[in-house]
Amino acid sequence: MDVRNVVLTGFMGTGKTTVGRALAARLGYRFVDTDLLIELEAGKTVAEIFQEDGESAFRSWERQIAGQLAGASAAVIATGGRLMLDNDNAELLCARSHVFCLTAEPDDIVRRLAGERGQRPLLAVDNPAQRVRQLLEERAPGYSQFPQIHTSGRSVDEIVEEVLKCISAT
Ligand code: S3P
């Protein structure tokens, strides 16, 4: 039987992977992280793909993975921060999934990502805090098309409960 997936989108540092793992455990679904899947298939890290092959190569990997996951069932899928902002990817994944966008206060995002610049190639710049705010502004219209779940000041359990409540209300 086909069971609708849950797709989590949202900016870097909003907790997609942490919340996704906890949600998958609660639902008894498989957990998938698109960045990890890309790393497995490419045989290198996201940072290495950006550095050696460029951002456009990474975005091609995202499209390939979105295609692979289009037929998934009973999975919680944590997506890289931009994957669902590509219309084709969103169309592929929305068809069989509940989609939620995790949000957080910009200050929290900056704090959560401090020290992870090596893993987040888009933030390997002189002023990562400014870059976070700029990207958040650019991406706001894209993220706003999905139901939002705020994460600042809330525990993982509280966030999972809200997602479950939203799913049962649909
Ligand atoms: C990106 C977010 C990252 C990763 C890549 C690009 C983005 O994933 O896909 O570094 O463009 O927002 P997380 O959102 O899981 O950090």
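Q: What volume does the largest pocket have, and what makes it a pocket?
A: Its volume is about 680 Å³, meaning the space filled by probe spheres set on grid points that are joined across faces, edges and corners. A pocket is an open set of points on a 1 Å grid over the protein atoms alone, with protein on both sides within 12 Å along at least five of seven lines; in a cavity, by contrast, a 1.4 Å probe fits but cannot get out. This is a predicted model, where local features need pLDDT of at least 70 and side-chain atom pairs count only at pLDDT 80 or more, while totals for chains, interfaces and linings use all residues. Residues are numbered from 1 along each chain as its sequence is written, and side-chain values use heavy atoms, leaving out hydrogens and water.

Q: Which residues line the largest pocket nearest its centre?
A: Lining residues have an atom within 4 Å of a grid point. There are 32 of them, and Thr 17, Asp 35, Glu 116, Gln 119 and Arg 120 lie nearest the centre. Helices α1 (16-27), α2 (34-42), α3 (46-53), α4 and α6 (106-113) each give two or more residues to this lining.

Q: Where does the ligand sit, and how do you know?
A: The ligand sits in the largest pocket. The test is that more than half of its atoms lie within 2 Å of the pocket's grid points, so the ligand passes it.

Q: Which residues come nearest the ligand?
A: A residue counts as near if one of its heavy atoms lies within 4 Å. Around the ligand there are 14 residues, of which Lys 16, Asp 35, Arg 59, Arg 120 and Arg 139 come nearest. Helix α4 (residues 55-69) gives the largest share of this shell, three residues.

Key
Helix = DSSP H or I, 4+ residues; strand = E, 2+ residues; numbered from the N terminus.
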